[in-house]
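The sequence and structure come first.

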Amino acid sequence: VANAGDTLHYEIFFKNIGNDAFSNLFLVAKLEGGLFDLATLKAPLGDFESGDNSIVFDWRKISKLQFLDVGEEGKVEFWVGLKDDWQMLSLNDKNQTIRTNISLSQAQNEFITKVNSRLEIIQKGYYEDEVFGNTGPANPEVNQQTTYTIIWQVKNYYNDIKNMKVQAILVSNVLLTGKIFPEGANLTFDSNSREVVWKLESLEAGKGILDAAPSVAFQVALTPQQGGTLNLIGAARITGEDEFTGLVTSGEIPAINTAEITQ
């Protein structure tokens with residue numbers, strides 16, 4: 001399984017398991033799939049053919065292709081990146097794979113790699129908003145309470161996700177007021193760990209990309225004990241299980257402080 005933006009290192013091993021030696025061989029690796037960033041391809045001993053996206057390894061450059069005796073093994077390798085700016089145009093683009101078709105004389109094989117989804121979390125803070133209406137000094141003052149609205153939005157790019165959750169830590173002098181929108185959102189707060197958790201049972205491919213991004217808003221209250229810029233909430237991390245690849249995928253966005261609040 002690969003991730004968008006990864007650089008993949010391919011090693012292709014071949015072995016003569018027959019009774020006769022081979023000579024003057026060509027090994028061809030054909031790359032199939034729209035996620036390959038072919039501009040990043042590096043194959044020091046191979047020649048890239050852009051017409052069919054294939055890499056040709058020639059016996060003139062590789063000694064084991066020039067002569068492969070019985071029981072001998074050889075190897076070729078190359079590097080190629082995956083695009084990290086790929087956008088879904090429709091749900092037909094979900095569950096992407098990349099394929100590498102290898103041929104060496106009469107031997108052929110296909111290697112399939114699934115591509116993980118990409119989760120994105122957006123975390124913003126507001127003083128003036130249309131959700132709750134906040135109170136207190138817009139610029140925090142010592143020992144005076146100010147309320148703010150924190151909004152989380154999530155985006156899911158490629159595959160369906162299950163058991164998705166967003167987690168962040170409130171700093172010690174920040175409290176939840178209990179105001180949440182929408183009211184039915186599965187948002188919880190652990191008073192011991194000070195962790196805010198938002199859970200979604202599932203998140204379909206393309207949510208936030210092909211349609212509106214799912215979101216939750218909650219109000220926090222800050223009572224400063226000192227002046228200056230103060231943190232409100234720590235870095236927010238999103239995680240979920242990719243139903244196509246079977247792996248956990250994640251994303252993160254930095255903390256928010258009072259200087260970053262939208263007035």
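Among contacts in the protein between residues at least 6 apart in sequence, 75% join residues at least 24 apart, where contact means heavy atoms within 4.5 Å. The model is predicted: local features need pLDDT of at least 70, side-chain atom pairs count only at pLDDT 80 or more, and totals for chains, interfaces and linings use all residues. Residues are numbered from 1 along each chain as its sequence is written, and side-chain values use heavy atoms, with hydrogens and water left out.

**Overall form**

- The protein has 1 helix and 21 strands; helices (H or I, at least four residues) and strands (E, at least two) are DSSP runs, numbered from the N terminus.
- Its radius of gyration is 26 Å, well over the 18 Å that the globule rule gives for 263 residues, so the protein is more spread out than a compact globule. That radius is taken over C-alpha atoms, and the globule rule is 2.2 Å times the number of residues to the power 0.38.
- Taken along the principal axes, the C-alpha atoms fill a box of roughly 85 × 35 × 35 Å.
- Of the 263 residues, 40% are buried. Buried means under 20% relative accessible area, exposed over 50%, and partly exposed in between (1.4 Å probe, protein chains only).

**Lys42**

- Lys42 sits in strand E4 (residues 36-42) and counts as exposed, at 57% relative accessibility.
- Leaving aside residues up to four places away in sequence, Lys42 touches Phe78 and Trp79.
- Between the C-alpha atoms of Lys42 and Ser90 there are 31 Å, the two residues being 48 apart along the chain.

**Salt bridges**

- The whole structure contains 9 salt bridges, each being a side-chain nitrogen of Lys or Arg within 4 Å of a carboxyl oxygen of Asp or Glu.
- One of them joins the side chains of Arg99 and Glu110 (3.3 Å, N to O). This pair links distant parts of the chain, with Arg99 in strand E9 and Glu110 in strand E10, 11 residues apart. Arg99 is partly exposed, with a relative accessible area of 30%, and Glu110 is partly exposed, at 36%.
- Another is formed by Arg237 and Glu252, whose closest N and O atoms are 3.6 Å apart. Here too distant parts of the chain are linked: Arg237 is in strand E19 (residues 236-242) and Glu252 in strand E20 (residues 248-253), 15 residues apart. Arg237 is partly exposed at 36% relative accessibility, while Glu252 is exposed at 53%.
- Glu120 and Arg118 also form a salt bridge, with 4.0 Å between the closest N and O atoms. Glu120 is partly exposed at 24% relative accessibility, as is Arg118 at 27%.

**Largest pocket**

- The largest pocket holds about 380 Å³ of space. On a 1 Å grid over the protein atoms alone, a pocket is an open set of points where a 1.4 Å probe fits, with protein on both sides within 12 Å along at least five of seven lines; lining residues have an atom within 4 Å of a point. The volume is the space filled by probe spheres set on the points.
- Its lining has 19 residues, and Phe14, Lys15, Leu104, Ala107 and Gln108 lie nearest the centre. Strand E1 (7-15), strand E9 (97-104) and strand E10 (107-114) are the elements that give two or more residues to this lining.
- The lining residues divide into 12 nonpolar, 6 polar and 1 charged. Ala, Val, Leu, Ile, Met, Phe, Trp, Tyr, Cys and Pro count as nonpolar, Asp, Glu, Lys and Arg as charged, and the others, Gly among them, as polar.
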